[in-house]
Amino acid sequence: MPRYLTIKDHARETHLFGQRAVIAFVIIVLLMLTIVSRLVYLQVINHEHYETLSHKNRVKIVSVPPTRGLIYDRNGVLLAENIPSFSLELTPEQVSNMDDTLSRLRKIIAISDEDIEHFLRLIKQKRRFDSVPLRFRLNEEEVARFAVNRYRFPGVDIEARLIRYYPRGKLGVHVIGYVGRIDETELQRIDNANYSATTHIGKLGVERSYEDILHGQVGFQEAEVNAQGRTLRILNETPAIPGKNLYLNIDIEMQALADRALGKYRGSIVAMAPKSGEVLTLLSKPGYDPNPFVTGIDNKSYQALRTSKDKPLFNRSLLGQYPPGSTVKPFIGLAGLEAGLGKQSTFCPGWYELQGDDHRYRDWKKQGHGETDLDVAIVESCDVYFYELAHRLKIDRIHDFMIRFGFGQKTGIDIIGELTGLMPSADWKRRERRQAWFPGETLITGIGQGFTLTTPLQLASATATLAMHGQRVQPNVLHATQASADSEPVLRETTYLKPIELKDPAHWHRIIHAMTRVMHSERGTARRSGAGAKYTIAGKTGTAQVFGVAQDAEYEAEELDERLRDHSLFIAFAPAEDPQIAIAVIAENAGSGSATAAPIARKLIDYYLLRNQ
């Protein structure tokens with residue numbers, strides 16, 4: 001009977017199974033140990049670290065922009081406010097393909113190349129989780145159009161922001177200024193933490209000069225967000241501190257009157273209270289609407305403003321440098337009195353010659369004024385008298401006296417950017433022109449021509465000093481600050497400067513008396529503007545040449561291009577016995593000061609002194 005061999009070796013299989021079971025068990029144990037050790041590492045050893053990360057993923061710190069302070073005029077008229085506006089904003093870390101997103105957004109909302117350009121610059125300066133505005137001032141149709149397409153744009157949202165608005169438009173732009181988007185240069189100087197939620201900053205005027213007060217202090221929110229980054233609730237909040245409100249010394253209705261009175265002419269009008277330095281009017285015409293600059297003016301409109309022959313962007317009140325013409329004669333006359341030369345009279349035949357020089361320096365009155373003393377010279381604005389007086393004084397004595405009134409120097413007004421003008425001297429010409437000073441240049445300096453340049457603000461400030469018999473005060477635009485609508489305004493302190501002391505105080509009275517006769521005597525050059533006044537005005541007309549007329553040529557305004565005609569100037573203060581207002585008017589290419597600038601000043605003085613009667 002055949003013997004069958006057994007194929008299975010149970011003992012060996014049992015042994016093999018046992019080995020495999022042990023190996024599997026060891027592997028399982030090792031895996032369990034690995035998992036447990038990892039759990040211990042994550043949950044125990046690094047518990048605090050991962051708890052913080054988790055918290056960060058759940059909680060987002062959001063900067064809260066402060067509300068910008070409002071700006072009012074001296075009578076509480078609102079000049080700069082904040083209005084709600086919808087803006088289209090993107091959070092870069094939540095946008096997977098920025099180029100594609102921007103391209104698709106432009107198909108449903110109007111977005112200019114300038115908007116894109118500025119946005120791309122801005123996202124490089126912001127943190128990736130910060131929301132960055134792409135377009136401001138969305139209208140209702142654009143908001144609705146985006147709302148129905150929102151699901152297609154992760155990381156894109158519409159936010160309600162407050163933006164600046166200037167209700168009086170161009171009327172106050174050269175003093176109020178405007179805000180605009182923060183640029184790269186400004187980012188280098190501002191406190192980035194305090195501006196982390198702010199997109200705009202003061203660019204010009206009061207908005208720039210008082211940026212620190214107007215801006216306020218940024219706030220923060222701890223917001224719980226979902227996986228898509230959307231806010232679920234606010235956990236904690238540090239509220240933003242609003243900027244302070246500003247009250248200006250400017251009377252915006254008086255500024256509007258100045259604008260109307262200047263009419264078709266370009267120019268500037270500065271009016272101030274001589275006792276306090278409060279600037280009542282600071283008009284530069286033409287102006288421009290600041291509102292388009294807030295959200296980004298388009299390139300075509302900006303180029304039109306920049307290249308305009310009328311230079312609307314140019315602040316003539318602070319930056320315009322004009323020959324003062326005969327408005328300097330009261331100051332030169334005062335210098336003559338101080339030098340002991342005021343008692344001498346001069347015969348005016350209608351021209352003046354220096355000894356050894358056949359060049360004739362002409363008077364505005366062809367037939368001359370005859371025998372002329374200082375009083376008549378101011379009343380009738382005799383050029384020959386002041387040629388002679390300037391020749392006796394010499395240029396350096398004129399320079400040293402005039403700078404005491406602030407000519408050739410900044411006034412220190414609390415708005416950034418004013419220029420110095422120019423009060424020449426022999427040393428200045430040697431230093432700047434590398435030339436010697438000529439006697440003929442002294443003569444024309446005596447009538448406010450030649451190298452002498454002044455800003456309208458300087459002229460008004462010097463007039464205020466003359467009105468106050470040498471008491472100098474720094475012109476100021478800011479009247480008061482206010483922390484909130486419910487708090488009392490805090491007044492700005494007046495800054496008094498070193499007064500001008502004369503050897504004989506009676507000299508003030510003599511010059512001011514002559515200026516009142518300019519307005520109220522039969523031969524005064526501004527008698528028509530002074531006629532019928534209910535108070536006494538002290539004034540002086542000026543007519544400044546824009547270009548030189550040849551020795552034997554006649555000045556015929558009608559035959560000249562309008563921009564080559566003389567500038568019309570006028571300075572005044574009133575009442576002469578107790579000055580409440582000092583004013584300087586410059587109307588470019590408007591002819592004589594008596595015909596154009598003086599009547600303008602009279603309207604403003606009437607408004608200021610008589611409006612409550």
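Q: How do β21 and β22 pair, and over how many bridges?
A: In this predicted model, strand β21 (residues 538-544) pairs with β22 in the antiparallel sense, over seven bridges. Strands here are DSSP runs of E with at least two residues, helices are runs of H or I with at least four, and both are numbered from the N terminus; two strands pair if DSSP finds at least two bridges between them. One of the bridge partners is Phe573 in β22, which belongs with Ala538.

Q: What can I rely on for the numbering and the cut-offs?
A: Residues are numbered from 1 along each chain as its sequence is written. Because the model is predicted, local features need pLDDT of at least 70 and side-chain atom pairs count only at pLDDT 80 or more, while totals for chains, interfaces and linings use all residues, and side-chain values use heavy atoms, with hydrogens and water left out.

Q: And which strand does a hairpin join to β22?
A: The hairpin leads from β22 to β23 through six residues. Strand β23 (residues 581-587) runs antiparallel to β22, and seven bridges join them, with Ile571 standing opposite Ala584 in β23.

Q: Is β22 mostly covered or exposed?
A: Strand β22 (residues 567-574) is mostly covered, since eight of its eight residues are buried, where buried means under 20% relative accessible area, exposed over 50% and partly exposed in between (1.4 Å probe, protein chains only). His567, Leu569, Ile571 and Phe573 point one way from the strand, whereas Ser568, Phe570, Ala572 and Ala574 point the other way, and all are buried.

Q: Changing topic, where does Thr346 sit, and why does it count as buried?
A: Thr346 lies in strand β13 (residues 346-348), and it counts as buried because its relative accessible area is 10%. Leaving aside neighbours within four places in sequence, Thr346 is in contact (heavy atoms within 4.5 Å) with residues including Gly370, Val384 and Tyr385.

Q: What about Leu33, is that one buried or exposed?
A: Leu33, which lies in helix α1 (residues 10-45), counts as exposed because its relative accessibility is 52%.

Q: Last one: what is the order of the strands in the open sheet with β8?
A: The three strands of that open sheet come in the order β1-β8-β9, and their pairing is antiparallel. The edge strands are β1 (59-64) and β9 (231-238), each of which pairs on one side only. Strand β8 (residues 219-225) and β9 are joined by six bridges, and Gln221 stands opposite Glu237 in β9.
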